[in-house]
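This report describes selected strands and their surroundings in one predicted model. The sequence and structure are shown first.

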Amino acid sequence: MGKYFGTDGFRGEANVNLTVEHAYKVGRFIGWYFGREHKCKVVIGKDTRRSSYMFEYSLVAGLTASGADAYLLHVTTTPSVSYVVRTEDFDCGIMISASHNPFYDNGIKLLNSNGEKMEETVILKIEEYLDGMAEEIPFAHREEVGCTVDYVAGRNRYLGYLISLATYSFKGKQIGLDCANGSAWNLAKAVFDALGAKTYVINNEPDGTNINANCGSTHIEGLQKLVVDQGLDAGFAFDGDADRCLCVDEKGNVINGDLILYIYGCYMKERGKLIGNTVVTTVMSNFGLYKAFDEVGIEYEKTAVGDKYVYESMTNNGHRLGGEQSGHIIFSKYATTGDGIITALKMMEVMLAKKKPLSELAAPVTIYPQLLKNVRVTDKTAAQNDPEVKAAVKEAAKALGNNGRILVRESGTEPLVRVMVEAETDAICEKYVMQVVDTIVRRGYEVK
């Protein structure tokens, strides 16, 4: 990770540590860098945050000032930007979003011409320019100045692509959708309606400040209530930019990313489609998932946390399915990034193909209790490397033995140290999480 860009782009509070000047300079560099030998074309999407419009205009000003043409998808999802970039003649894509963060945060996600996260070599060059360590970039003049193109047609083409992926009609199915007042607020319903489902949609009235506010994949309680109260077949909750999805079964239980990987991994294996007989997970996946995979003979790989690392493992080894517990699921045959709507479609496919509800499909997995606490700290690296903190972690790991595990890591996008324990009971999880958290606080790293 660089100084500005983490595992999921350049993220921070709007006009505090991510400013319009930053966005302008990112646009200036990209327009110049990719336009040195030809006319640069960049496609841009944004979520529903109030500041997304501000950052869009700043990026466009920087791009066009460097001679690039900017194609605007307007409010759309991160995976739609990825789709448009990789299926058309664009040099790169930009998504303006802070994903599941609160509305006052925002982010700039950069995608290469394949719709994948931008290469680190380019990111480092951008950071050098942001820090004034690179040469000045010339302005375009006269007819070389870039133009701005309204490109809602690209978003509509993505919508058609999603509909084309369905192999069954959803007619007769009642489905709940929680759009998090974010990017999926009209796309998700349009897809499910087109496929014949009767949809019940909540949190689809964005006002610029209510994105992710007690809704979506990080606050799934509202969708659980909707599914139970209305007697729905299933529910799907997205995050702010709709690159992740969590599900709710017909009984109101949450089907998280681990369970999604199990359900679809088994489905692929049964049909002979699980290339390499392997599913890619992260170190945050639950013990119970691995035990269930062992039972059905599916192998697995573990990467660092971040869909970026999951995708790298998939491309390096030819795997077709991977993801995170949080709901970032990558189906590499269909997308180069996590796509919440595709995830929902694939869960519907398994339900319809096997004629089973989600609760039955997920039943073989017994999830171990897991507790995760975040500590906002002054210095992530120093906190983790502190001798007393390391000793507390080592002591917890020894006590848990083969019946649990502890994982301490830094957030890739926020000034947080995350402490996670899995064990046989909630009480054991609480004991060892707090043993480490209390040490971090006592050592003075917590931000008051």
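How many residues of strand S6 (residues 105-111) are buried?

## Strand S6

Seven of the seven residues in S6 are buried, and the strand is mostly covered. Burial applies to both faces of S6: Asp 105, Gly 107, Lys 109 and Leu 111 point one way, while Asn 106, Ile 108 and Leu 110 point the other way.

## Partners of S6

S6 pairs with strand S2 (residues 9-13) in the antiparallel sense, through four bridges. In this pairing, Phe 10 lies opposite Ile 108 of S6.

Strand S5 (residues 92-96) also runs antiparallel to S6, and four bridges join the two. Here Met 95 is opposite Lys 109 of S6.

## The sheet S17-S19-S18

Elsewhere in the predicted model, an open sheet is formed by three strands in the order S17-S19-S18, with antiparallel pairing. Strand S17 (370-376) and strand S18 (405-410) are the edge strands; each has a single partner strand, so one side of each has no neighbour in the sheet. On average, neighbouring strands of this sheet are turned by 15° against each other, direction ignored.

Seven bridges connect S17 with strand S19 (residues 416-422) in the antiparallel sense. Among the paired residues, Lys 373 has Val 419 in S19 as its bridge partner.

## Helix on the sheet

Helix H14 (residues 387-400) packs on this sheet and touches S18 and S19. The direction of H14 makes about 150° with that of S18.

Terms used:
Residues are numbered from 1 along each chain as its sequence is written. This is a predicted model: local features need pLDDT of at least 70, side-chain atom pairs count only at pLDDT 80 or more; totals for chains, interfaces and linings use all residues. Side-chain values use heavy atoms; hydrogens and water are left out. Two strands pair if DSSP finds at least two bridges between them. Axes are lines fitted to C-alpha atoms, for helices over the stretch in contact, and angles run from 0 to 180 degrees between N-to-C directions. Contact means heavy atoms within 4.5 Å. Buried means under 20% relative accessible area, exposed over 50%, partly exposed in between (1.4 Å probe, protein chains only).
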